[in-house]
Amino acid sequence: MRLPLYSLGLTPSLPCKVPASVSRERKEIFRERGRRDNGGRKKESFEVEKKKKTSKKIQATRKEKLNTEESLLHLKQEDTATDYKEFSENYKSAGESEAGNSESSGDEGIHNTGSNEGLANEAQSEDSEPDQGAEESDSSEDEVTPRNTVGDVPLEWYKDEKHIGYDFAGKKIKRKERQDKLDSFLANVDDSKNWRKIYDEYNDEEVELTKEETKVIRRMLKGKAPHAEFDPYAPYVDWFKWEDAKHPLSNAPEPKSRFIPSKSEAKKVLRLVRAIRKGLIKFDKPKEEPRFYMLWGDDASSSEKTGHLSYIPAPKPNLPGHEESYNPSLEYIPTQEEINSYQLMYEEDRPKFIPKRFTSLRSVPAYENAVKDSFERCLDLYLCPRVRKKRINIDPESLKPKLPSRKDLRPYPATCYLEYKGHKGAVMSISTEASGQWIASGSSDGTVRLWEVETCRCIRVWEFSEAVQYVAWNPLPELPILAVSVGQDVFLLNTGLGNEEIQRKVKELLHVETPTAPDDSGSKGWSWLQDGEHEGIRLRHFKSVYSVEWHRKGDYFSTVMPADILFFHCHLIVAILIHQLSKKFTQRHPFKLHGLPVSAVFHPTRSIFFVSTKKNVRVYDLLKQKLIKKLETGLREVSSIAIHPAGDNVIVGSREGKLCWFDMDLSSKPYKVLNCHPKDITNVAFHRSYPLFASCSDDCTAYVFHGTVYSDLNQNPLIVPLEILRGHAGSNGRGVLDCKFHPRQPWLFTAGADSLIKLYCH
């Protein structure tokens, strides 16, 4: 390569006059360089012609080769097996002749592996030669286009398909069948060229590397140049003679006469000039500074301060009127009686200034409160900064969510229809029978009453020595059994409903053949006993029972002890027990409790158990015996829990009057938090068939909500408040203690501390 003369400070082939002072030796040097330049140009043109001839020769050789292969294939089909040897010899001789012709052309990057290995060897030898005109050929035939035409589409999109892409004709490229790992391993062991094969995932084929490619890879792994003919330490050739010429011939700056103006830029400038003359482009006028300004003008009118958006001018005091004059008219001067009346007025109603009359301006005294007023004004400006507040006029009704009309959500309980009177103390708990014909209630007066729903008639009363905490009816209609928690005992009572066959079955279930031994009961803390007084079973516990919940099949039920004092059995906290009625068997909760339990509920359709502590709700799978989910309530203390009949949604009531709705498929956080009651929520309940749920509180009210759960998981539940039910009176700080829905009708039963049970209907 030749260094350009510009880099040496010289101007090539430009018409310039050599000064007379230049010596003859320098002229000879200059002429010799011109001869060398002409020789280099001739050499470059000769190399270009040589490359063209070489490419034409390569194309002719390829055509001869293709014609030879086609003729061989045609003759191979027509001739018999006996003539195969002769044609194969001819084919070999033709391949050798082609190889001889290809020696002058060099390696072109195309190797017919498997058919003629001699070409590859000869191409390898040609790589070492410096003449690489064939490699520099830009013919499109040298490029091997990929078979797959999917482009940049990732192959992961085709992992489940039978094809990997499409060819140029738009046909699917079928995926090749994979060999067994053992067969592929044996085939690779037998193949000596296996180490040179690479799997092309893009075209689903194996590519065998040529010897030249392996050599290039080896050189790159060693940190060398890819091509062997490249010399990284070539000798430096200095093309300029530095011995006599220490400075360039001319060091003058570039003359302006060599500048060639751009025609396209001239056209752009012309367009701009025409647009300015026509008035299409307008320039900003320079700001004119006013020569005069108002000395006593308003600050708000000044252009400097109004430019700032946050600037608000200070309020100006009112201008003085006739009263403030030093010599006002006589009608403005108050009399002595008026001045005395000012003293009797409040200070805020008293006038700030009382006008006086002076004969001359020199006799007017100084203002006595001048310093005080200016100081207070400075304090107002400093401590009370003015802020511009942007007020947005928005209708408050437009901010409310658009909810359906309550008329469209009927039926729901709205008015009190019946009252059940008979208890003398607060009604602690109520429970409805599966058919909806009967309702049971437990009171603090130690009685359990059985009522007929439609007539308010009390058909049976059970009396106990302590206050009744909880009542729960068996969910099966063929088992009219009532569970009652009284102190440390849980009584399973026969209500006497049903025909003779049902009564016979109930008596068999409520019969205890072998009671638990005394020593065994003392070690476990619970025992099954026959209760002859109430004709049922007495299940003795080690602590007062807070709640009882039945399983949907009616054979199992759970009991929860109070959360203040717990029983430790085998170094484990025993606060929840699960009982089986048919086998008279009791077992503790099989999971470790993380917190103090409040209530426990069975899933309505699956073998899932919900345990609510004061802070969260834990969901357990009884079959797999593992924790499924933990619901974070974020409440101060949980008081009650209810499960939706579908089983995917849970509502939780708290002691702070908040009600949380959980969508278990959505998140472990509450989907909605309703802050509806000002006091503690005592109980929450879902309706079995209608999209209704309710909550009752110590504020003597019960809230009824509409809650629709959609089968589409992308649609959130619809929660609409419907009605606030009032009517109960408070007693000892307690209000409504329990609420239950009718199993078939949209009715709500509420039990209050005023010893009344009320039925609300639509």
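A nonpolar core is a set of buried Ala, Val, Leu, Ile, Met, Phe, Trp, Tyr and Cys residues joined through side-chain atoms within 4.5 Å. Buried means under 20% relative accessible area, exposed means over 50%, and partly exposed lies in between (1.4 Å probe, protein chains only).

The model is predicted: local features need pLDDT of at least 70, side-chain atom pairs count only at pLDDT 80 or more, and totals for chains, interfaces and linings use all residues. Numbering starts from 1 along each chain as its sequence is written, and side-chain values use heavy atoms, with hydrogens and water left out.

**Stop 1: the cores**

Select Ile481, Leu492, Trp550, Phe557 and Leu581. In the largest nonpolar core, of 24 residues, these five touch the most other members. Next, colour the elements that give two or more residues to this core: strands 10 (468-473), 11 (481-486), 12 (489-494), 14 (536-540) and 15 (547-550), plus helix 11 (500-509). Helices (H or I, at least four residues) and strands (E, at least two) are DSSP runs, numbered from the N terminus.

Now centre on Phe557. Its contacts (heavy atoms within 4.5 Å) include Val490, Leu492, Trp528, Leu539, Trp550 and Phe602, leaving aside residues up to four places away in sequence. Then move to a second, separate core of 16 residues, with Tyr412, Leu692, Val736 and Phe741 among them.

**Stop 2: strand 7**

Select 438-443. Is strand 7 buried or exposed? 6 of its 6 residues are buried, so strand 7 is largely enclosed by the rest of the structure. Trp438, Ala440 and Gly442 point one way; Ile439, Ser441 and Ser443 point the other way.

Strands pair if DSSP finds at least two bridges between them. Strand 6 (427-432) pairs antiparallel with strand 7 over 5 bridges, and Val427 has Ser443 as its bridge partner. Their hairpin has 5 residues between the strands, and Gly436 in the turn has a positive phi of about 85°.

On to strand 8 (447-452), which runs antiparallel to strand 7 and is joined to it by 5 bridges. Here Ser441 is partnered by Arg449. This hairpin has 3 residues between the strands, and Gly446 takes a positive phi near 85°.

**Stop 3: helix 6**

Select Ile276, in helix 6 (263-278). Ile276 counts as partly exposed because its relative accessibility is 40%.

**Stop 4: a loop glycine**

Finish at Gly595, in the loop between strand 20 (585-588) and strand 21 (597-602). Gly595 is partly exposed, at 40% relative accessible area. Draw a distance to Ser612, 17 residues apart along the chain: the C-alpha atoms are separated by 9.1 Å.
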